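Hi there,

Here is the structure I promised to pass along.

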Amino acid sequence: MAQTSLGYDVDKYSIAQSFYVSEEKGIYLTAIDVFFKTVTDPNTLPVLLELRPMINGFPSSNVIIPGSETVIPASAVQYSTNADATKKTRFEFDEPIFLSGQRDYAFVIATNTSNYELFGAQGDTFVIGSTEKRISKQQTLGSLFFSQNSATFTAAQELDLSFKLIRAKFKRNTAGTLRLKTASLP
């Protein structure tokens, strides 16, 4: 996604970004890259990322997809000092997370400090570093949401966070071995 110089503070509330899994059979998600604009204090509190299903067009207020909670310490947050959104912070899951196909999901970013700012995009604004190239389309068919309590979300339809979903790729092997053992029955 192209980035603009918009910055979104993450301050004692959550920001959620929805996305659509168009693959009919679903995907396995291994990580999400997020682009931070600033970290004003490297000794600040950590950042949490978690995946949630979308329910009636909003991130679920109480369902977190199992295994998707990932915490990054402030010292591991990468940010772009020259405001070009080239440095990414990777939130990696302990194991691949299966997301069913043709459904909407959201990732939620939360922290209890105002020391973070994220890059985002807004339609029909200039791409960072350009006075000619504009953001002309929405890449993910999603929306940005704001929340003060990580439960009630307000949509910002014209805005999106800058992010990248990292999917697992499995190799198909034609040969394999499976060993089964019959259990003794009483």
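**Salt bridges**

A salt bridge joins the side chains of Asp33 and Arg90, with N to O at 2.7 Å (the term covers a side-chain nitrogen of Lys or Arg within 4 Å of a carboxyl oxygen of Asp or Glu). This pair ties together distant parts of the chain, since Asp33 sits in strand S3 and Arg90 in strand S8, 57 residues apart. (Strands are DSSP runs of E with at least two residues, numbered from the N terminus.) Asp33 counts as buried at 2% relative accessibility, whereas Arg90 is partly exposed at 36%. Here buried means under 20% relative accessible area, exposed means over 50%, and partly exposed lies in between, with a 1.4 Å probe and protein chains only.

Before going on, a word on the source: this is a predicted model, in which local features need pLDDT of at least 70 and side-chain atom pairs count only at pLDDT 80 or more, while totals for chains, interfaces and linings use all residues. Residues are numbered from 1 along each chain as its sequence is written, and side-chain values use heavy atoms, with hydrogens and water left out.

How many salt bridges does a search of the whole structure find? The search finds 3. Another of them is formed by the side chains of Glu23 and Arg167, at 2.6 Å from N to O. Here too the pair links distant parts of the chain: Glu23 belongs to the loop between strand S2 (14–21) and S3, Arg167 belongs to strand S14, and 144 residues separate them. Glu23 is partly exposed, at 29% relative accessibility, and Arg167 is also partly exposed, with a relative accessible area of 41%. Glu50 and Arg52 form a salt bridge as well, their closest N and O atoms being 2.5 Å apart. Glu50 is buried, with a relative accessible area of 4%, and Arg52 is buried at 4% too.

**The sheet**

Strands S8, S3 and S14 form an open sheet in the order S8-S3-S14, with antiparallel pairing (two strands pair if DSSP finds at least two bridges between them). Strand S8 (89–99) and strand S14 (163–167) are the edge strands, each pairing on one side only. From one strand to the next, the twist averages 25°; the axes are lines fitted to C-alpha atoms, and angles run from 0 to 180 degrees between N-to-C directions. Strand S3 (residues 27–34) is joined to S14 by 5 bridges, and Ile32 stands opposite Leu165 in S14.

**A surface patch**

Which residues form a nonpolar patch on the surface? They are Tyr28, Phe98 and Phe170, with about 330 Å² of accessible area together. Patch members have over 30% relative accessible area and no salt bridge; like charges are joined within 9 Å, nonpolar side chains (Val, Leu, Ile, Met, Phe, Trp, Tyr) within 5 Å. The areas come from the Shrake-Rupley method with a 1.4 Å probe, and for residues only the protein chains shown count as cover. Phe98 lies in strand S8 and is partly exposed, at 40% relative accessible area.

**Around Asp160**

Asp160 belongs to strand S13 (residues 159–161) and is buried, with a relative accessible area of 6%. The C-alpha atoms of Asp160 and Phe19 are separated by 10.0 Å, although the two residues are 141 residues apart along the chain.

Best wishes

Technical notes. Helices (H or I, at least four residues) and strands (E, at least two) are DSSP runs, numbered from the N terminus.
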